[in-house]
Amino acid sequence: MKALKIGVCGVGNVGGAVIENLTSSPQIVESNGGVKIEITQVGARKGKSAVPFDLDVTTNLLEVAQNPNIDVLVELIGGCDLAKDLIEESIKNGKNIVTANKALISTHGDELFDLAKKNGVQIGFEASVAGGTPVIKALREGLVANKVKWFAGILNGTTNYILSKMTDENSSFEDALKQAQELGLAEADPTMDVDGTDAAQKASILSALAFNTPFDFKSVAYGGIESVTPDDILYADQLGYSIKHIAYGSIEGEEVNVSAYPTFVSKDQLLSQVGQQMNALEIFCEDIGSTVYYGPGAGPKPTASAVIADLVDISNGGWPVLEDDIKKNTLCKEGKKTFSRYFKLDVKNEAGAIAKVSSLFAHENISIEALVQKESKQNSDIPSVPVVIISGPISDTNAFQMSGNLDSMEEITNSVKQFRIHNAL
Ligand SMILES: NC(=O)c1ccc[n+]([C@@H]2O[C@H](COP(=O)([O-])OP(=O)(O)OC[C@H]3O[C@@H](n4cnc5c(N)ncnc54)[C@H](OP(=O)(O)O)[C@@H]3O)[C@@H](O)[C@H]2O)c1
């Protein structure tokens, strides 16, 4: 049987699960993958106490990167500092890499892949997007014969859990977040999940594979779920939608737009049914239409499963190396891509106010497909009434501009909110 000698750096949630899997049940990978994976060395800054197995452990992680007896360095420490140094040093020493580090790949992917190519080694990063759900494999292998037109994904389990709680149990955002933290589904500092950074990083990685763009997280537009209120969820439900945090990428000609925002998804679409902390990715290709991938997007065991799948692939020779002369498409942050929109406005309870709002939409050439007044104007004690407008398709730029114009109207009493409506066509 083939043998693969690996070094594991970082023994936290994921690193611990990789070591546990390969040490406790190696026969599964041996019989399914036809390779004997041997952990030659572990890099753990806490030393032996962090590794409950009889393995060679060093507190100097660079030693792993330089160890001549190692074929693959598995980087599971996270971040862009030491992780990057370790990977570069390993590549220069002729080692293949497997990593779960979306922050690093989405920011420095191009230079790392260039370096790997120059040194004739491979980088596996299946675990960096959607954890145990093999979406990278789907894009670079299963769908290789197709032109991807768009993808739409629920790529952050924490935000999906929070939105599910708000939808199913009428929880407030704060209560749902607290529950996610108690269950270990959200970090003590959940900022990167809640503000959309994590999903945007993953979306930029998907874009590189789906649309042949650079790994360019900076060019992804994104927003978080903090602005979603129970009222929005209720109104969405009444209109036949769920609210999901959707990472969306599409290509028109050579222009690629990638973004991640809370989005209305029609209840008749699969993505709207993805609850709790689960992830899902819908990939629409020109000739075959949609395929959908669903599963656990994080957690030690699912993520370790993806790491080990990459190790098996590397033992089989890895992935094709693309020619340098294939022109890359660029990511455009200010995209032309249009979406229908949900606008939520609080309009003064006075004669003619709603008519003025409608005229502004007409003036800006934005069609109104539905306008629903959520409370009766008959009650003259109410100073303002909530109004929901579903507009025709407009770009993000136009939607933000329209919100600004509405905000400056004296008939509007609260900051206007707008969300995209996902159109799976
Ligand atoms: N957790 C998930 O569900 C999940 C899912 C997908 C991808 N990922 C990615 O997987 C990677 C690891 O995540 P994780 O959840 O396993 O993180 P974690 O539990 O925080 O583990 C990180 C490990 O790296 C070590 N480490 C961090 N900085 C170090 C440094 N400067 N020097 C030496 N050791 C250092 C930590 O050591 P100490 O124990 O001494 O602090 C710890 O052992 C990250 O890139 C993450 O984005 C995680």
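Residues are numbered from 1 along each chain as its sequence is written, and side-chain values use heavy atoms, with hydrogens and water left out. Because the model is predicted, local features were considered at pLDDT of at least 70 and side-chain atom pairs at pLDDT 80 or more, while totals for chains, interfaces and linings use all residues.

Helices and strands were taken as DSSP runs numbered from the N terminus, a helix being a run of H or I with at least four residues and a strand a run of E with at least two. Two strands are said to pair if DSSP finds at least two bridges between them. An open sheet is formed by six strands in the order S3-S2-S1-S4-S5-S6, and the pairing in this sheet is parallel. Strand S3 (57–58) and strand S6 (123–124) stand at the edges, where each has a single partner strand, so one side of each is left without a neighbour in the sheet.

Within this sheet, strand S4 (residues 72–75) pairs in the parallel sense with strand S5 (residues 96–99) over four bridges, and S1 and S4 are likewise joined in the parallel sense over four bridges. For Val 72, the bridge partner in S5 is Asn 96. Both faces of S4 are covered, since Val 72 and Val 74 on one side and Leu 73 and Glu 75 on the other are all buried, where buried means under 20% relative accessible area, exposed means over 50%, and partly exposed lies in between (1.4 Å probe, protein chains only).

Parallel pairing links S10 to strand S8 (residues 221–222) through two bridges, with Tyr 222 opposite Ala 260. S10 also pairs in the parallel sense with strand S13 (residues 330–331) over two bridges, where Leu 331 is the bridge partner of Val 256. Two bridges join S10 to strand S17 (residues 417–421), again in a parallel arrangement, and Phe 264 stands opposite Ile 421 in S17.

The packing of helices was described with axes, which are lines fitted to C-alpha atoms over the stretch in contact, and with angles that run from 0 to 180 degrees between N-to-C directions. Helix H1 (residues 13–24) and helix H2 (residues 26–33) pack at an angle of about 75 degrees, with their axes 4 Å apart. H1 and H2 are therefore roughly perpendicular to each other, on a scale where angles under 35 degrees count as roughly parallel, over 145 as roughly antiparallel, 65 to 115 as roughly perpendicular and the rest as oblique. Their contact (heavy atoms within 4.5 Å) is made by Asn 21, Leu 22, Thr 23 and Ser 24 of H1 together with Pro 26, Gln 27 and Val 29 of H2.

H1 also packs with helix H12 (residues 300–315), at an angle of about 65 degrees and with the axes 8 Å apart. On the side of H1 the residues in this contact include Val 14, Ala 17 and Val 18, whereas those of H12 include Ala 304, Val 307 and Ile 308.

Finally, Phe 361 is located in helix H13 (residues 353–363), and this residue is buried, with a relative accessible area of 0%. When neighbours within four places in sequence are left aside, Phe 361 is in contact with Phe 343, Ile 366, Ile 368, Ile 389, Ser 391, Met 402 and Leu 406.
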